[in-house]
Amino acid sequence: MDSDIGFKAALAEAQKGSDEGGVPIGACLVSADGKVLGQGHNMRLQSSSATLHAEIAALENAGRLPAATYRGATMYTTLSPCDMCTGACVMYKVKRVVIGENVTFVGGEDYLKQRGIEVVVLQNEKCRELMNKFISNRPRDWNEDIGEEDK
């Protein structure tokens with residue numbers, strides 16, 4: 001499987017979200033044979049959505065798939081997945097989650113591992129730069145996105 005295709009697509013989605021003024025997180029679901037099934041970016045601000053995080057958008061854009069497709073798939077995401085997105089990966093029994101960075105935010109990585117999902121963290125500098133800029137410039141929007149009280 002060409003692992004670069006999934007991460008490159010997720011990073012491009014994160015940049016797209018940033019360019020739109022949204023939370024710069026992107027995701028891409030790739031099948032066991034290396035086919036992009038779906039990709040997307042966080043659209044909470046752009047769509048006034050309560051749930052449209054990047055991983056959820058990627059799953060939504062993949063459409064309805066047989067359970068076996070998810071079981072061999074890898075979810076690429078530019079940021080450690082929150083509890084909601086972690087739960088979606090667990091629910092569909094995604095085989096592996098590749099994370100761009102987990103310095104700005106650590107989500108449900110331990111839970112993914114507990115449930116038998118392989119977790120790979122890349123510590124990609126571009127992902128970290130996008131998030132640091134957003135968090136610095138729009139802390140209220142960031143806190144809202146992760147369900148935290150405004151600080």
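This is a short chat about reading the predicted model shown above.

Me: What does the radius of gyration say about the chain?
Reply: The idea is to set the value beside what a compact globule would give. For 151 residues that would be near 15 Å, and the chain has 14 Å, so the two agree.

Me: How do I read contacts along the sequence? What percentage joins residues 24 or more positions apart?
Reply: Take the contacts with a separation of 6 or more, then ask which of them link residues 24 or more positions apart. Here the answer is 52%.

Me: Which residues have the most contacts inside the largest nonpolar core?
Reply: Look for buried nonpolar residues joined through their side chains. The largest such core has 28 residues, and the ones with the most contacts inside it are Ile25, Leu29, Met75, Val97, Leu112 and Trp142. Two or more residues each come from strand S1 (26–30), helix H3 (54–62), helix H5 (83–91), strand S4 (96–99) and helix H7 (125–137). There's also a second, separate core of eleven residues, with Phe7, Leu11, Tyr76 and Cys127 among them.

Me: Let me zoom in on Met75. What is it in contact with?
Reply: Skip the neighbours within four places in sequence, and the partners of Met75 include Ala27, Cys28 and Leu29, as well as Val97 and Val98. Glu55 and Arg96 are also in contact with Met75.

Me: What about backbone angles? Which residue other than glycine has a phi near 50°?
Reply: That's Ser48, where phi is positive. Ser48 sits in the loop between helix H2 (44–47) and H3. Lys93 is another non-glycine with a positive phi, about 60°, and its place is the loop between H5 and S4.

Me: Are those two exposed or partly exposed?
Reply: Check the relative accessible area: over 50% is exposed. Ser48 has 69%, so Ser48 is exposed. Lys93 has 46%, so Lys93 counts as partly exposed.

Notes: Residues numbered from 1 in each chain as written. Predicted model: local features only at pLDDT ≥ 70, side-chain atom pairs only at ≥ 80, totals over all residues. Heavy atoms only, no water. Rg over C-alpha atoms; globule rule 2.2 N^0.38 Å. Contact = heavy atoms within 4.5 Å. Core = buried A, V, L, I, M, F, W, Y, C linked by side-chain atoms within 4.5 Å. Buried < 20%, exposed > 50% of the residue type's maximum accessible area, 1.4 Å probe, protein only. Helix = DSSP H or I, 4+ residues; strand = E, 2+ residues; numbered from the N terminus.
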